[in-house]
Amino acid sequence: MFDVEKIKKDFPILDQEIYGKKLVYLDSAATTQKPKQVINEVSKFYSSLNSNIHRGVHYLSIKSTEEYEKSRDTVCKFINAKHTEEIIFTKGTTEAVNLTAYSFGERFVNEGDEILVAKTEHHSNIVPWQMLCYRKNAVLKVIPADENGELKINEYKKLLNPKTKLVAVAHIANSTGVINPIKEIIDAAHNNGTYVLIDGAQAVQHKQVDVQSLDCDFYAFSGHKMFAETGIGVLYGKKEILEDIPPYQGGGDMIKTVSFEKTEYADLPYKFEAGTSNYVGAISIAKAIEYMQSVGLDEIEIYEKKLLKYATDKLLSIDKIKIYGQTEKKISAISFLLNGIHHYDTGMILDKLGIAVRTGTHCAEPTMKHFGIDGTVRASFAMYNTKEDIDKLYEGLMRVKKMFA
Ligand code: PLP
């Protein structure tokens, strides 16, 4: 049984007042809050086991290394990767995309080749590809979207051609919550001999992901958006591709031997993990996964779908509200504007009522441009949000409307 009140109690930060009002946290797409199980695990680790990994023969170092590698195993099972060494720990989604753009680009992208990105991407799944295209004299092409922020799949298929080396698409668009048809995108790309990276930053905390059944070549996500620490993320890559591409950064831990004449790189996954990894962050991801699994990924998805429907119906009952990305195929976020009221004004008034929402472009300027606006208010949910949170948002928005009437 999904018990939101019990879940909420696991997140200590939610139990506080902001400006004398009970906090209503509706900014989980920016970062999720952390359950006490994760906070305690990190604290316990620092209090009893902390030591640098892959370096020492002493007890603490061996234990730290074991915990780090166990976390890799947990992540591997969580997304159903085939091999543990297909899991690379990074700083986050941004670094995972940059790693891919650099290493894949060095090996596979040449002058005149094409990279396809969706129009509704987060900047971190646009700019690294743009940088690759500048470096290699390649061409960045854009998959168009319709007025709801849904990708035009037929147009996408027409863009695929022998020069298309890679398609980079979000599983779920962060600025609207729209779920992209990634299986169809991946299958069409593979039929064309094109590789695919999926940006899963907004997906893994809301639904079960299976990289083998998706058959994507790369899949990226961030710890801090899935109830774990910040400064840690994951790049999944198919083993045969990761083996074939050069490392992204050089340094300790990513080598077998070093001399001034020649360096031999380490095997996977260490080839891509130069320097001291955020091993505590990795341990926090494993604990966050354990927490999500104790609630149940399917249960989370079902609950959040109901909450999204409740929130959408409630917000649409407000006169002259416009929701961007209004489609059935979406998850846990509502991006909107109240007619004539700037998103910052709405956000600042809501803040004074203890309600945290995100305002602005959501690091997706091309998406905002597509909608012909300079930003939205985004309320985004996680498993700990309740109908009461939505009711408070509704009341807050009615206050905003009254103030601007
Ligand atoms: N991709 C998407 C879809 C996102 O929502 C975000 C963050 O908001 C990112 C990438 C970047 O994630 P990070 O800043 O954790 O690297």
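Which loop does Lys 320 lie in? Lys 320 sits in the loop between α11 (297-316) and β13 (321-324). Keep in mind as you look around that this is a predicted model.

**Around the ligand**
- Start with the residues around the ligand: Thr 93, Thr 94, His 122, Ser 124, Asn 174, Asp 199, Ala 201, Gln 202, Ser 222, His 224 and Lys 225.
- Sorted by type, that shell has one nonpolar, eight polar and two charged residues.
- Gln 202 has a side-chain N or O atom 2.7 Å from an oxygen atom of the ligand.
- For Ser 222, a polar side-chain atom is 2.7 Å from a ligand oxygen atom, and His 224 also places a polar side-chain atom 2.7 Å from an oxygen atom of the ligand.
- On its own the ligand has 390 Å² of accessible area, and the protein covers 85% of that.

**Helices α2 and α10**
- Helix α2 (residues 36-48) packs with helix α10 (residues 279-295) at an angle of about 145°, and their axes are 9 Å apart.
- The crossing of α2 past α10 is right-handed.
- On the α2 side, the contact is made by Gln 37, Val 38, Glu 41, Val 42, Phe 45 and Tyr 46.
- On the α10 side, you'll find Tyr 279, Val 280, Ile 283, Ser 284, Lys 287, Ala 288 and Tyr 291.
- The residues of this contact of α2 with α10 split into nine nonpolar, two polar and two charged.

- Most residues other than glycine have a negative phi, and most peptide bonds are trans.
- Lys 320 isn't a glycine, yet its phi is positive, at about 60°.
- Leu 268 and Pro 269 are joined by a cis peptide bond, with omega at about 0°.
- To find Pro 269, look in the loop between β12 (263-265) and α10.

**A look at Asn 137**
- Asn 137 is in the loop between α5 (127-136) and β6 (139-143).
- Setting aside neighbours within four places in sequence, Asn 137 is in contact with Glu 111 and Gly 112.
- Asn 137 and Ser 48 are 89 residues apart along the chain, and their C-alpha atoms are separated by 51 Å.

Conventions:
Residues numbered from 1 in each chain as written. Predicted model: local features only at pLDDT ≥ 70, side-chain atom pairs only at ≥ 80, totals over all residues. Heavy atoms only, no water. Axes fitted to C-alpha atoms, helices over the stretch in contact; angles between N-to-C directions. Helix = DSSP H or I, 4+ residues; strand = E, 2+ residues; numbered from the N terminus. Left-handed = near helix turned anticlockwise from the far one by under 90°. Contact = heavy atoms within 4.5 Å. Nonpolar A, V, L, I, M, F, W, Y, C, P; charged D, E, K, R; others polar. Near = heavy atom within 4 Å. Polar contact = N/O pair within 3.5 Å; in protein donor to acceptor, adjacent residues only side chain to side chain. Areas by Shrake-Rupley, 256 points an atom, 1.4 Å probe, with all protein chains shown as cover.
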